[in-house]
Every structure is written in C-alpha cells, then in structure tokens.
Amino acid sequence: MIKLVALDLDGTFYAGRTLGVPESAWAAIERGREAGLKFAVCTGRPQGGHGLEYAQRIQPDGPHVFNDGASICDAWGRSLHAEPVPRLGEIIGIARRYGLPFDLMGADNGRYYETKLMPPELLTHIEMTGVVARSARFEEIRETLVRLWFVVPDLSLWETVKPDLEALPEIDLAEYLSPREVITGVIKKGVSKASGLRWLAAHYGLSLDEIAMIGDSHNDLEAIREAGLGIAMGNAVEEIIAVADHITGHVRENGFAQAIEYVLAQNEQI
C-alpha cells in the first residue's frame, strides 16, 4: 500500500507560468490527505521561493526534498539534512578563471551570485524560482552550500570548461541544453532525488515499496525506478515513460490529479 507520494514540481505539479498549478492538482492533494496519504515535494528547485510555498500547502507538517536531494527541509525552510558540494572552492576557481556566471544554493534558503552586474541569462534563471538572491563572494558566505548552477550562453566556452569540471570525481554535472544557453547543476556525486526518497522513507519509517514517485524529467529517473510505484506524466521524457509503472495524463490536462486517483484506486484494491 502506498503511504507517501513524492512529487516533482515543474512539468508534474506546476504546469508553467500561464497555467500555474491546476486547481485539479490541489483538489487531488486534499483527496489524498483525506484518504491518509502523506505528500512530499521532491524537486530540483532550490530550497525556498515558490517551491517552499507549494510545500507548505501540500504537507505543512512534513519534510520536503529540494536541490535534487542535496537539501531536505521542513515546510517552513528549516534544514533537516544537507549534502554540501565537495571541492567547491576549486569549482569556483575554475568559474572565475573562465568568467562563467554562476549562482549558489544554500541549505537555509539562501541563494547567491558573485557578479555585481548580474547577466540577464542568470537573472531569468533566478527569478523563475522566486528565491531571492543576493550578491556575495563565495568566501563571505557562511551558509552550507549544496548546489552550484552555471548558466552559460556561449556553448564553445562551456565545452572548453567542461573537462576541468569532469576531472573532479566527487561531483555530478546535470546538463540542460537550450538554443540560447547551457544550464548545468553541480552537486555531490551520489546525491539525487532517489537518495531523497531513501531519506524520506527512513524519516517516516516506511519501505520504498510504500512510496510513490510522480515525475516527468531526467532527474526523476532514479527515484521513479526505486519507488514502489513510479508514475510518469503524459508529457514525460521517453526515459521516464520506459521505466514507469503507470503513465498518467499531461500536466496541462489534469495528469497530476489522475495520478493521485490511480494511487488511491490501487490502495483500495489492496
């Protein structure tokens, strides 16, 4: 029986700037909680901002996973677990040497950028999440730092820098390409949404078989594989659809609500 539902945000629960979170999704959360389900946000978003606002409404008395598992906090942003980025000083040294714009995520809702004049591509990346960022040099920051993001509009520059970062064995690079830029997250190796699920399972005294994971993108893959019930959104990438136990509707067509109804129906059968 599923007792906890972990949910990705973007493309799963949140349907984009125009639609936001469908009302059907909020109604599904209420039906699930009335039936005894617990919920946990499990997102690549930084801790804080709009993601934390959603967490407070989804499950105000439980933990939530941010930064792809690198930070876990309660619904009010208090840190419960953090995985600092190793060799961060070296990584930032590389960024400074090549003039790469980056921002840093903290385990206590902090977000930092180093340039005095923020590049527009970095500003867009920051504003989307609703997490307030401030300018600070790495050496001045006292908060535990769990993730770094590069936003690089020059693809050839990125290809020059990338080998220097890949030479650091303690980190993982999550790379996203668009026609305008390359966005790359740097995180401690072995940390993922799947490790976040394992932390949630231990916290609640559950087995992974009692957890459902709903997602749509590459960073959901391991968690969907490890969860007792892995649900892919109808808009999910092919890799997610291939490993999911169930495929629901598109995020813009009440897919999240359909996923919760499926979980509840499976529990009723048991």
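**View 1. A232 and its bridge partner in β14.** In this predicted model, A232 has I247 of β14 as its bridge partner. Two strands count as paired if DSSP finds at least two bridges between them. Strands pair through backbone hydrogen bonds, either parallel or antiparallel.

**View 2. The open sheet.** Here 5 strands line up in the order β2-β1-β12-β13-β14, with parallel pairing. The edge strands, β2 (38–41) and β14 (246–247), each pair on one side only. Strands (E, at least two residues) and helices (H or I, at least four) are DSSP runs, numbered from the N terminus.

**View 3. A helix across the sheet.** Look for α6, which lies across β1 (4–7), β2 and β12 (211–215) and runs at about 150° to β12. Angles go from 0 to 180 degrees between N-to-C directions, using axes fitted to C-alpha atoms, for helices over the stretch in contact (heavy atoms within 4.5 Å).

**View 4. The second largest pocket.** Which residues lie nearest the centre of this pocket? They are A174, V191, S192, N219 and E222, out of 18 lining residues. Elements giving two or more residues to the lining are β10 (171–177), α6 (193–204) and α7 (221–226). The largest share, 5 residues, comes from β10. A pocket is an open set of points on a 1 Å grid over the protein atoms alone, where a 1.4 Å probe fits, with protein on both sides within 12 Å along at least five of seven lines; lining residues have an atom within 4 Å of a point.

**Notes.** Residues are numbered from 1 along each chain as its sequence is written. Local features need pLDDT of at least 70, side-chain atom pairs count only at pLDDT 80 or more, and totals for chains, interfaces and linings use all residues, while side-chain values use heavy atoms, leaving out hydrogens and water.
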